[in-house]
Amino acid sequence: MPANEVEAGIQALWREFQCQPDQRLRERLVLHYAPLVKYVAGRVGTGLPTHVDVGDLVQSGIFGLLDAIEKFDPERGLRFETYAMQRIRGAILDDLRSQDWVPRVVRSRLREAERALERLGARLHRTPTDAELADELGISIDDLRDLYGQLQLTSVVALEDLVSAGKDSGSLVDTLPDDDAVDPVAVLVDRDNRRQLAEAIAQLTERDRIVVSLYYFESLTLAEIGKVLGVTESRVSQLHTRAVLRLRARLTEQASV
């Protein structure tokens with residue numbers, strides 16, 4: 001079936017569902033958008049410990065999809081795919097957090113690393129190097145890389161979580177219009193937040209910027225990014241974790257100004 005016919009059919013289905021939201025129509029919408037759940041679950045699951053079952057992430061994501069279908073308002077100008085992907089991701093992350101799957105000692109080390117990055121950033125007025133961060137933490141470079149490996153458990157994060165660092169705000173997806181943008185993440189941040197995020201990313205090292213760009217904006221997996229950079233997936237995971245830590249620290253600093 002041609003794409004335009006599929007689109008016309010799904011729009012007709014939405015109109016029917018808006019008029020009479022019964023179970024049959026709901027199931028048809030879930031079936032149509034189910035690939036979104038698999039996609040988001042696969043993205044979130046990248047780099048998680050082996051005991052985390054992607055099938056469980058998909059199950060959590062289905063609840064997010066159902067929630068999105070129930071609450072979606074076409075009149076607000078947001079594309080459903082954009083809205084649903086964030087609801088799906090949110091449901092998956094909420095479920096992971098509820099399981100307390102990150103050990104307490106790892107959370108403690110994460111806070112310690114973020115505070116150290118904030119202190120160094122304030123003193124140096126730039127993004128600190130790994131050597132400087134290791135020195136601030138009183139550990140070796142090898143120990144710092146081991147720490148990145150542990151902290152990858154905490155770095156499953158959407159850009160909207162980074163942008164709202166240090167701010168008392170709800171989900172950006174609930175307040176912003178679509179603007180017909182192609183990128184499903186960029187439309188979720190307003191102009192000021194995009195500026196702050198761009199400034200924070202610009203201060204990352206070149207390799208970290210590449211990882212952030214390819215992972216969040218080009219939707220490459222860690223393995224695919226590794227092929228681009230010529231390094232292992234494990235190393236990319238470390239770079240991603242480092243980039244997330246530095247972005248969090250920088251955006252938290254900006255929010256406190």
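Student: Which helix holds Ala 249?

Tutor: Ala 249 is found in helix 12 (residues 233–256). The model is predicted: local features need pLDDT of at least 70, side-chain atom pairs count only at pLDDT 80 or more, and totals for chains, interfaces and linings use all residues. Residues are numbered from 1 along each chain as its sequence is written, and side-chain values use heavy atoms, with hydrogens and water left out.

Student: What makes a stretch a helix here, and how many helices does the protein chain have?

Tutor: A helix is a DSSP run of H or I with at least four residues; a strand is a run of E with at least two; both are numbered from the N terminus. By that rule the protein chain has twelve helices and zero strands.

Student: Why is Ala 249 called buried?

Tutor: Buried means under 20% relative accessible area, exposed over 50%, and partly exposed in between (1.4 Å probe, protein chains only). Ala 249 has 5% relative accessibility, so Ala 249 counts as buried. Of the 257 residues of the protein chain, 46% count as buried.

Student: What does Ala 249 touch, leaving aside neighbours within four places in sequence?

Tutor: Ala 249 is in contact with Glu 114, Leu 117 and Glu 118. Contact means heavy atoms within 4.5 Å.

Student: Is Asp 130 buried or exposed, and how do you know?

Tutor: Asp 130 has a relative accessible area of 10%, so it is buried. Asp 130 lies in helix 6 (residues 130–137). Not counting residues up to four places away in sequence, Asp 130 touches Ile 141, Leu 144, Tyr 148, Arg 242 and Arg 246.

Student: What makes the pair Asp 130 and Tyr 148 a polar contact?

Tutor: A polar contact is a pair of N or O atoms within 3.5 Å. Within protein, one atom must be able to donate a hydrogen and the other to accept it; residues adjacent in sequence count only if both atoms are side-chain atoms. The side chains of Asp 130 and Tyr 148 are joined at 3.0 Å, within that limit.

Student: At what angle do helix 3 and helix 4 pack?

Tutor: Helix 3 (residues 54–71) and helix 4 (residues 80–98) pack at about 135°, with axes 7 Å apart. That makes helix 3 oblique to helix 4. Axes are lines fitted to C-alpha atoms, for helices over the stretch in contact, and angles run from 0 to 180 degrees between N-to-C directions.

Student: Why are helix 2 and helix 3 called oblique?

Tutor: Under 35 degrees is roughly parallel, over 145 roughly antiparallel, 65 to 115 roughly perpendicular, and the rest oblique. Helix 2 (residues 23–45) and helix 3 pack at about 135°, with axes 8 Å apart. Helix 2 and helix 3 are therefore oblique to each other.

Student: Which hand does the crossing of helix 5 and helix 7 have?

Tutor: A crossing is left-handed if the near helix is turned anticlockwise from the far one by less than a right angle, and right-handed if clockwise. The crossing of helix 5 and helix 7 is left-handed. By class, this contact has five nonpolar, one polar and one charged residue. Nonpolar covers Ala, Val, Leu, Ile, Met, Phe, Trp, Tyr, Cys and Pro; charged covers Asp, Glu, Lys and Arg; the others, Gly among them, are polar.
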